[in-house]
Amino acid sequence: MSNSFILVNRQNPSITVMTLNRPEKRNALNIALIEEFCSIYSETEQLTSQRVMIIRAEGPHFCAGLDLNEAADPELVDKSGSLLAKLFKTIYDSPLISIAAVQGSALAGGAGIVTACDIALANKDSHFGYPEVHRGLVAAQVSTLLRRQIVMRHVRELLLLGELIDAQRALEIGLINRVVEADELFLKALEMAASILKGTPKAVIETKRLLTNLELISLEDDLNIAMEAHHRARLSEEAKESINAFLGRSSNGETKEGPKKA
């Protein structure tokens with residue numbers, strides 16, 4: 001099965017491979033891609049044979065985060081923000097065990113996908129970052145995931161500095177589980193999936209559900225609180241100016257020298 005922005009492979013009886021397929025935009029998360037992502041997840045959950053979801057990407061980079069052209073449009077703030085929250089919650093709460101296989105860079109919302117997954121693998125040359133503070137934005141929804149996966153001291157460093165970290169540092173702070181060679185990334189993800197399948201289906205699902213229920217505040221409540229901060233930042237003049245500067249636009253929206261590279 002294939003469509004505009006996502007490729008799906010279900011050749012294995014119990015493993016679905018979802019591939020982000022917008023490499024020319026570094027797999028940036030536009031509204032159409034997010035809607036497809038959530039729809040495919042929902043379809044896969046209805047297939048009782050499916051137990052593991054591997055999330056990977058075409059091209060040299062995993063995901064650059066939200067599409068900033070849409071992020072700069074105030075009319076799309078509510079829709080894209082709500083969909084991003086839905087995407088994270090879909091991965092995190094799903095009975096499917098999720099494995100992220102990361103190459104290149106995973107930034108902002110792209111790093112959020114990785115953080116939402118149950119397990120994450122990355123090649124040695126990959127980088128992670130939450131650069132929202134450099135765009136006049138707040139990594140609000142991503143922060144709800146980070147605080148569930150790594151200790152708060154590291155969360156503060158990642159979000160307040162907004163700097164990139166390499167795969168080894170990501171491993172050290174618990175953002176990912178393993179660092180592997182680039183040519184072994186997908187193979188290792190499949191091996192990890194096979195290991196998960198050795199557990200009995202109900203026991204694995206109940207274990208994931210238990211771990212989620214042990215949290216003090218529900219993800220949905222956290223995301224609702226984060227959404228308010230996300231919207232305030234997205235609609236601020238500071239964000240508009242920073243995003244336009246990043247995209248190479250003047251204050252009136254006209255393109256100057258073309259988008260800068262991240």
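## Strand pairing

Two strands are taken to pair if DSSP finds at least two bridges between them, and strands (E, at least two residues) and helices (H or I, at least four residues) are DSSP runs numbered from the N terminus. The model is predicted, so local features need pLDDT of at least 70 and side-chain atom pairs count only at pLDDT 80 or more, while totals for chains, interfaces and linings use all residues. Residues are numbered from 1 along each chain as its sequence is written, and side-chain values use heavy atoms, with hydrogens and water left out.

Strand 1 (residues 6-9) and strand 2 run antiparallel and are joined by 4 bridges, forming a hairpin with 5 residues between them; isoleucine 6 has leucine 20 as its bridge partner in strand 2. Strand 2 also pairs with strand 3 (residues 52-57), in the parallel sense and over 6 bridges, where threonine 19 stands opposite arginine 56.

## Burial of strand 2

Because 6 of the 6 residues of strand 2 (residues 15-20) are buried, this strand is largely enclosed by the rest of the structure; buried means under 20% relative accessible area, exposed over 50% and partly exposed in between, with a 1.4 Å probe and protein chains only. Ile15, Val17 and Thr19 point one way from strand 2, whereas Thr16, Met18 and Leu20 point the other way.

## Nonpolar core

A nonpolar core is a set of buried Ala, Val, Leu, Ile, Met, Phe, Trp, Tyr and Cys residues joined through side-chain atoms within 4.5 Å. The largest such core has 52 residues, and Phe37 and Ile55 are among those that touch the most other members. Helix 1 (residues 31-45) gives the most to this core, with 7 residues.
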